[in-house]
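Work through the two exercises below with the model open.

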Amino acid sequence: MRVVVDLTRCQGYGQCAFAAPDVFRMARNEALMYELNPDDSRRAQVLRAAAACPVQALVVDELGPLPAQASGHGRMPERVVIVGASLAGLRAAATLRRQGFRGSLTLIGDEPDRPYDRPPLSKQVLTGQVNAQQTLLPRRGELHAKWLLGTPATGLDLAAKQVLLADGRRVGYDRLLIATGVRARPWPNPAEAALDGVFVLRDSHDAALLHDRLAGGVNRVLVIGGGFNGSEIASVCRDMGLAVTLVDRGPAPLTGALGGVVGAIAADIQREHGVDLRCGVTAAALEGDGAGRLRGARLSDGSTVEADVAVVALGAERNVGWLAGSGLAAGVWGVGCDAGCRAFNVNGIVCDDVFVAGDVARFPHPVYGYQFLTLEHWGNAMAQAQVAAHNMIAASSDLWPHLSLPVFWSAQFGLNIKSVGVPTFADEVVFTQGSVADRRFVAVYGYHGRITAAVTFDQAMWLDFYRDLIEQAAPFPPTFDMVGKPGKVQPVPAEVPQRISALHDATVVVTGHDPAERRATLVTAGPGRAD
Amino acid sequence: MPDGNAYDQFLDYANRANPYRLFPELRKTPVARQPDGSYVVSTYDEIVSLLHDPRVSSDLRNVPEIAAIALPPEHAPQLPPEFIRRDPPDHDRLRSLAMKYFGPPHSPDRISRLTPRIDRIVTDLIDGLAGRTRIDIVDDFAYPLPVTVICELLGVPKADEQRLHAWSQLLVGTNDPTTGTIVERNRRRFETMAELGRYFDDLVEAHLRDPGDDLLSALATDGEMARPDLLSTAGLLFVAGHETTVNLVTNGMLTLLRHPDVLERLRHEPELVVTAVEELLRYEPPIQMPGPRRTALADIDIGGTTIPKGSVIVLVLASGSRDPERFPDPDRFDPDRRDNQHLGFGGGIHYCFGAPLARTETQIALTELVGRLVNPRLVTDPPPYRHPPNLRGPEHLLVDVDRVEPVTRARAGG
Ligand SMILES: Cc1cc2nc3c(=O)[nH]c(=O)nc-3n(C[C@H](O)[C@H](O)[C@H](O)COP(=O)(O)OP(=O)(O)OC[C@H]3O[C@@H](n4cnc5c(N)ncnc54)[C@H](O)[C@@H]3O)c2cc1C
Ligand code: HEM
Ligand code: SF4
């Protein structure tokens, strides 16, 4: 059977681990490691776990027809085509059916597999708890879709409304969803990248190869890049007892996503767990042993690292190559779209029949000064795909805006790290609850006197409170008393990497829970600093 | 109608059999100020939000008169509040220390390994009913079951159960808002906890001399929890394990007898019990509201009102679980209900510690009762209720049966 935990919702209550200890395991307090495709003999256990989850975060297979809601839609298209058959694509397909779309549905994906979940690839799969082929996403009912798998799309003809396939076929659509995600940025030197022992990690094939190599025993792993992916890989290596060196060009790991203050904590955690962490340096060259096998790397500071495995975790590139020349606003930044997920053409005008969702999308977020964001977040792909699917078949008077605040989680070094909002949209940060020393804390980010993000380490139960504060454009720093407030509450500079500066006054509040009722409202004067 | 009215009616014993019909009125003011200055919260979103609001404390020592309570020497030593009445970081620390021997991450299968033992206890209790045609579900079954389980788990000798039961009842009374002011009730609580503490202190000494496979022995031997906290925790677990599951099992049987179609389905679809128990926690929750112990650490704007700093906050979980804004057709008992994020076990950091145990006990109990009681019929409907409005459940639940099926027949048939 198949199960996936919506870790965006999960608050670490552990009820699933009580009910089905063979399938769900808590590493330390909150970080949940689980099997996605447990044996059918575990079905009763898993269903008990699903019923027990206090936030109903478990999604299990639902067989049989989808319970379609009554359709009150204006202009139902006949043919919907989705390019990219992964998380966002599958979610959109299920939403379309649930919302009453009965026309033909085609999913085009270049990977051979049915949609599977990627986050476990740098976690349970690398440790070997879960097989790389066993992270298939649950079926949410019978989709009645045509699956063109192992079939890359190579072009898009906007005028003819056709997707071009590698084998020369053309697939016509009335509505198109682009959900082609991203791929791992490869090591820039192709000869070095081809050395045996050099890996990237994006798909299940990558994960299988890397796991096999790690499990076979290695002397030292070099992880190049200290983002979430690189840090998680380093964590798994330490779990497996492997020596690991992590290099990051910034002052500390995770700085690009969480700023330097929380990054410094992440650095301490990595060192405590025995990672040989080298910050402020880059890998300059990978070196082979003459037989095509990786021997080590030369770093920008002139030092060398001997390693027989290197994992290149330098971020991602958007899968937009197939859209070259199509007339859409597609480039290294992703595919531009409006808050209703409608793609922009190169002139910045929205198309009514082409939609975008997931990691490949670049969309404006009202809460962040209408800046365009690209998010490589599981929760964003889910939420955005749902909005896109709705809008694909909705009357123009009933379009939903994609207004979810970004939510992210990561499991590393036994910790559950979660964030809500955009932590890099900040000038200051303050620790409001818990203890940094205990590695259980809440960090709140502020920009020009309002709260813009919060990050929790093993404190996920408080996250929704801060989400609400962000949505209300609440003043920063929070001055009220709270449980678990540390002795000293003093904002410090957030040390976020240079970014486009935000507008000062364009502040909105967001209301509503369901995607159908979420709305942003402009607040004319931004709330000032509380002091 | 003044704000306090629906809440007062809810507290009134006359409404114990059916508090639910009062909730629509109560929810008209989601956050309602009471004459004593406390705030009663009755709608789902507002309750969930406050359960996760760090400006809400569970430590009544924020109330100066309660902080000032110092027991006279004959009552000493006074125990520290149990972790249900503490805030982080102490709450989190004590709860994880207790969790070490109860659940994940350290003892993930402690509760699931209890299943055969709970099965046995249930089977023995029902075997003991053989030959009877009238049963009191409470005294004959729903009370002894969780008590036996919690005594074994904690390492409390069965022989002491009577004595402990009296203390447990006194403590439950101190949560009941109809039995005095919050200060008076907390004074009584400290007194009773002190007595209970002396009992557990002796027990812990005995376990240290001769440790068993139980929770108290484990907590005492590892020594990480200071002794006074250990005694408070023992008291908390004993009372919580003692006074709640009895009501869920009893409410469960009552609800099934009122919904014979579901009872019949359970006979043939035993797996239905899983979602049926969740629905019971929504529909007939044993804890209608936690004893009033939350206070606002800051002014809190919620539900169109501001709860001023220092106010006592009362969360009527049972009303939230019947909120039509959250649950379609909330007054219908629907064992197949999906998306059932009920509030039966609370939420946030104080989410019920014993939930996995309570679920297991109730699932097994209802499956076996339904499987082995032949043609069960309610003798009186509604049954007589115990006094407290917050910890609500029948005093007795008399059921007539044609006979009690022996275990092998029932299993083979099911
Ligand atoms: C190792 C790893 C760990 C992660 N961990 C976390 C985490 O802890 N928390 C979190 O929030 N997020 C995490 N993520 C991110 C999360 O997995 C992504 O946000 C999510 O997969 C995005 O889904 P998507 O459908 O938009 O894109 P993808 O999953 O990238 O899917 C895009 C699909 O489109 C296909 N495709 C591309 N081009 C074409 C083409 N031309 N024709 C046909 N098909 C094409 C791709 O092969 C792929 O199957 C992780 C990702 C990885 C790789
Ligand atoms: C059906 C049975 C039960 C119900 C309905 C129930 C309900 C609840 C509720 C609603 C809370 C939250 C209180 C609050 O937030 O103020 C709670 C807390 C708690 N329960 Fe239960 N409970 C049950 C059984 C048990 C059992 C069997 C145990 C012990 C083994 C237990 C131990 C606890 C403890 C220790 C807490 C406090 C948790 C904390 O503060 O962190 N409960 N319970
Ligand atoms: S919130 Fe749900 S999924 Fe997360 S640990 Fe708890 S029970 Fe499991």
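This is a predicted model: local features need pLDDT of at least 70, side-chain atom pairs count only at pLDDT 80 or more; totals for chains, interfaces and linings use all residues.

**Exercise 1. Describe how domain 2 of chain A meets domain 3 of chain A.**

Step 1. Locate the parts. Domain 2 of chain A covers 79–123 + 147–181 + 330–392, and domain 3 covers 185–316. Their C-alpha centres lie 31 Å apart.

Step 2. Find the contact. Here 9 residues of domain 2 of chain A touch 9 residues of domain 3 of chain A.

Step 3. Take the area. The two domains bury about 780 Å², with 49% of it on carbon and sulfur atoms. On the domain 2 side, R118(A), L121(A) and S122(A) lose the most area, together 55% of what that side buries.

Step 4. Look for charge. The interface holds 2 salt bridges. K123(A) and E232(A) form a salt bridge at 3.0 Å, N to O. The domain 2 side that touches domain 3 has 2 nonpolar, 1 polar and 6 charged residues.

**Exercise 2. Describe how chain A meets chain B.**

Step 1. Count residues. Chain A gives 32 and chain B gives 38.

Step 2. Take the area. About 2800 Å² is buried, and carbon and sulfur atoms give 64% of it. In chain A, F18(A), W462(A) and V483(A) lose the most, together 24% of that side's buried area.

Step 3. List the polar links. There are 2 salt bridges between the chains. R440(A) pairs with D92(B) in a salt bridge, with the closest N and O atoms 3.0 Å apart. Polar contacts join 8 residue pairs.

Step 4. Assign the helices. Helix 2 of chain A gives the most to the chain A side, with 4 residues. By class, that side has 17 nonpolar, 8 polar and 7 charged residues.

Terms used. Residues are numbered from 1 along each chain as its sequence is written. Chains are lettered from A and ligands numbered from 1 in the order in which they are written. Side-chain values use heavy atoms; hydrogens and water are left out. Domain bounds come from an automatic or database domain assignment. Contact means heavy atoms within 4.5 Å. Buried area is the accessible area (1.4 Å probe) that two parts lose on being put together, summed over both. A salt bridge is a side-chain nitrogen of Lys or Arg within 4 Å of a carboxyl oxygen of Asp or Glu. Ala, Val, Leu, Ile, Met, Phe, Trp, Tyr, Cys and Pro count as nonpolar, Asp, Glu, Lys and Arg as charged, and the others, Gly among them, as polar. A polar contact is a pair of N or O atoms within 3.5 Å; within protein, one must be able to donate a hydrogen and the other to accept it, and residues adjacent in sequence count only if both atoms are side-chain atoms. Helices (H or I, at least four residues) and strands (E, at least two) are DSSP runs, numbered from the N terminus.
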